Amino acid sequence: MYVFDAPVQPSLAVQGTNDRFPIRRIFCVGRNYEAHTREMGKDPTREAPFFFTKPADAALDTPCTIAYPKLTNNLHHEIELVIAIGKGGSEIAEADVMDHVWGAAVGLDMTRRDLQGEAKTMGRPWDWGKAFDQSAPIGAIKPIADVPSVETARIWLAVNGEIRQDADIADLIWSVREHVSILSHAMTLAPGDIIMTGTPAGVGAVVSGDVITGGVEGIGELEVTIGPRT
């Protein structure tokens with residue numbers, strides 16, 4: 001018997017059904033588009049990809065309204081292709097990665113950029129800048145059998161109808177097959193793991209009242225409104 005009620009299992013909607021995809025962990029790939037890497041002042045050579053995490057309960061269905069988070073004055077949007085793992089495995093070969101993928105979606109890696117910048121300067125982890133409440137709004141997951149491609153598709157984001165991010169997932173420095181394989185060599189992946197694959201150039205600040213829309217062609221779209229400061 002638990003000493004208090006167990007938390008609700010975080011989950012995401014599945015397109016076209018009433019089913020839910022239970023979330024185990026959320027992994028994020030850092031700086032995985034060349035133009036965004038340059039935008040952030042880094043060298044986009046193909047050094048080994050790095051990962052950070054968000055708590056599973058940072059995810060929420062879209063459309064939604066999220067609160068402007070605590071401690072920041074510089075909240076940024078980052079649109080991303082999201083990969084949902086349905087079959088666990090360790091040291092997965094690139095050729096076998098898609099056998100482990102249950103579906104794909106579009107998501108936002110919301111970022112407290114000022115806190116992330118402080119962490120970078122001081123050589124500290126990015127958690128305070130990345131892993132806060134409601135920091136991962138994600139659209140309904142599309143089963144992989146219905147996804148046209150995770151190799152090429154337009155990825156875009158607009159704020160109040162004005163396009164800010166517009167690229168193609170073909171521009172990923174590390175492809176889905178590559179970075180999922182690399183991640184599986186660091187730890188054993190399990191059903192319910194979510195991987196946010198990085199954002200293209202054009203990230204920027206949003207304020208209370210802004211409406212973010214975005215999508216990945218052939219996979220899905222989302223809409224997120226920025227609410228009042230918490």
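Tutor: A residue counts as buried under 20% relative accessible area, as exposed over 50%, and as partly exposed in between, using a 1.4 Å probe and protein chains only. The structure is a predicted model, in which local features need pLDDT of at least 70 and side-chain atom pairs count only at pLDDT 80 or more, while totals for chains, interfaces and linings use all residues. Residues are numbered from 1 along each chain as its sequence is written, and side-chain values use heavy atoms, with hydrogens and water left out.

Student: Why is Arg25 called partly exposed?

Tutor: Arg25 has a relative accessibility of 23%.

Student: What makes the pair of Asp193 and Arg25 a salt bridge?

Tutor: A salt bridge is a side-chain nitrogen of Lys or Arg within 4 Å of a carboxyl oxygen of Asp or Glu. The closest N and O atoms of Asp193 and Arg25 are 2.8 Å apart, so the pair meets the rule. Asp193 belongs to strand 15 and Arg25 to strand 3, and 168 residues separate them in the chain. By this rule, the count comes to 9 salt bridges.

Student: Is Asp193 buried or exposed?

Tutor: Asp193 is buried, because its relative accessibility is 0%.

Student: What makes a set of residues a nonpolar core, and which residues have the most contacts inside the largest one?

Tutor: A nonpolar core is a set of buried Ala, Val, Leu, Ile, Met, Phe, Trp, Tyr and Cys residues joined through side-chain atoms within 4.5 Å. The largest has 42 residues, and those with the most contacts inside it include Ile83, Leu108, Val176 and Ile226. Among the elements that each supply at least two residues are strand 6, strand 18 and helix 4 (176–184). A second, separate core has 20 residues, among them Phe21 and Phe52.

Student: Why is Ser184 called buried, and where does it lie?

Tutor: Ser184 lies in helix 4. Its relative accessible area is 1%, and therefore it is buried. A polar atom of its side chain lies 2.8 Å from the backbone nitrogen of Ile92.

Student: Why does the pair of Lys54 and Asp109 tie together parts that are apart in sequence?

Tutor: The side chains of Lys54 and Asp109 meet in a salt bridge, at 2.8 Å from N to O. Lys54 lies in strand 4 (residues 51–54) and Asp109 in the loop between strand 9 and strand 10, so the pair ties together parts that are 55 residues apart in sequence. Lys54 is buried because its relative accessibility is 4%, and Asp109 is buried because its relative accessible area is 0%.

Student: What makes Glu151 and Arg177 partners, and how do you know whether each is buried or partly exposed?

Tutor: Their side chains meet in a salt bridge, at 2.5 Å from N to O. Glu151 is in the loop between strand 12 (142–143) and strand 13, Arg177 is in helix 4, and the two are 26 residues apart. Glu151 counts as partly exposed because its relative accessibility is 48%, and Arg177 counts as partly exposed because its value is 28%.

How values were computed:
Helices (H or I, at least four residues) and strands (E, at least two) are DSSP runs, numbered from the N terminus. A polar contact is a pair of N or O atoms within 3.5 Å; within protein, one must be able to donate a hydrogen and the other to accept it, and residues adjacent in sequence count only if both atoms are side-chain atoms.
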